[in-house]
Amino acid sequence: MQSFIEINNVSKTYGNYKALNNISIKVPRQSIYGLLGPNGAGKTTLIRMLNQITAPDEGEIIFDGEKLNRNHISHIGYLPEERGLYKTMKVGEQAIYLAQLKGVSYKDAEKRLKQWFKKFDILSWWDRKVEELSKGMQQKIQFIVTVIHNPKLLIFDEPFSGFDPINVNLLKKEILELRDKGATIIFSTHNMASVEELCDNIMLINKGQKVLEGSVYQIKQDFKDNKFEIKLRIEEQSNSQIFKFSDSQVLPEGFNIESEKTDNNGELELIVSADKDINPNILINYLSEKGTIVSYRELLPSMNDIFINQVNSL
Ligand code: ADP
């Protein structure tokens, strides 16, 4: 499938500092793409290019098959990290005004906004002044006006900052729904948990250089270190006896016990490391003869671990 956004060999220099160095990424249509990287990595510079606030020195950006141009602006919704509303203006009036700036008619704006306000449980604030609203409520309004014109591309810069966990969940749900209805979404964040939950693909960038790119699934597979957690119930052990698996059993070749502990229910939790490319079924078959396997899972590294590991190793 054709990518919705293609960034091809883009570079940008400020003074003698290369803020972006030959960056290329492909953002599939109707997917969520995470831009990750420490402060100063170049994420905002890239986002500003997509919004045509700044232009690349070299390289090009393709938007839905066309070279990025002014006509695309109305198809983009951008929620910047630093955001503000006019404090003394009424909430509903201001939201309608901002929606009209994006080409939505007064009538449509009012109708759509009221639906969103209801969904976000802020309809009763429609006629209040912005300055009376909490920060979280103002953030909700900014999110709504970003998506109100049904843009094909949504760009969110740190969308979750300033929200409490309940509203973070609400926002995540809406972001997934926007993708499912057809939008392509790019967002930059430091919140790795949200990356795991939302992103189909990511790029990790550091000091203007691409460090990692790919699907979240594939990146986790590439960085996994073949560890498994198995919970085992061993029936014949008396409750008073503390059974230690590693004292009495030797695992099949290629597997090693990293740790073990018995939980309150008498179940044994084993962390086992395996040689690369070995079939974990060998371990499962072996352990199933020793007791009942209650659970089994491969331990994959978190995006947070991968991020820290990659940024520190540079
Ligand atoms: P991030 O969003 O990942 O924190 P930025 O894209 O804001 O990173 O910045 C990347 C680098 O480019 C930083 O070192 C920053 O100081 C520099 N930079 C960004 N914009 C400008 C500008 N307008 N003039 C000079 N330097 C800039």
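Which residue in the turn of the β9 and β10 hairpin has a positive phi? I looked it up: Lys207, with a phi of about 50°. The hairpin leaves 2 residues between β9 and β10.

**Ground rules.** I am reading a predicted model, where local features need pLDDT of at least 70, side-chain atom pairs count only at pLDDT 80 or more, and totals for chains, interfaces and linings use all residues. I number residues from 1 along each chain as its sequence is written, and side-chain values use heavy atoms, with hydrogens and water left out.

**Strand β9.** I took strands and helices as DSSP runs, numbered from the N terminus (helices H or I, at least four residues; strands E, at least two). Buried means under 20% relative accessible area, exposed over 50%, partly exposed in between (1.4 Å probe, protein chains only). I checked the directions next. Asn201, Met203 and Ile205 point one way, while Ile202, Leu204 and Asn206 point the other way. In a regular strand the side chains alternate between the two faces of the sheet.

**Partners of β9.** I counted two strands as paired if DSSP finds at least two bridges between them. Strand β3 (residues 32-36) pairs with β9 in the parallel sense, over 4 bridges. There, Gly34 has Ile202 as its bridge partner. β10 (residues 209-215) runs antiparallel to β9, joined by 6 bridges. Asn201 bridges to Ser215 of β10.

**The ligand.** I listed the residues near it, with a heavy atom within 4 Å. Among them are Tyr14, Tyr17, Pro38, Lys43 and Thr44. By class, the shell has 5 nonpolar, 5 polar and 1 charged residues. A ligand oxygen is 2.9 Å from a polar backbone atom of Gly42. A backbone N or O atom of Lys43 also lies 2.9 Å from a ligand oxygen. For Thr44, a side-chain N or O atom is 2.4 Å from an oxygen of the ligand. Taken alone the ligand exposes 560 Å², and the protein buries 58% of that. I noted the Shrake-Rupley method with a 1.4 Å probe for these areas. β2 (17-28) and α1 (43-50) each give two or more residues to the shell. α1 gives the most, with 3 residues.

**Ala274.** Is Ala274 buried or exposed? I found it buried, with a relative accessible area of 12%. Ala274 lies in strand β13 (residues 267-274). Ala274 touches Asn226, Phe228, Gly254 and Phe255, not counting residues up to four places away in sequence; contact means heavy atoms within 4.5 Å.

Notes
Polar contact = N/O pair within 3.5 Å; in protein donor to acceptor, adjacent residues only side chain to side chain. Nonpolar A, V, L, I, M, F, W, Y, C, P; charged D, E, K, R; others polar.
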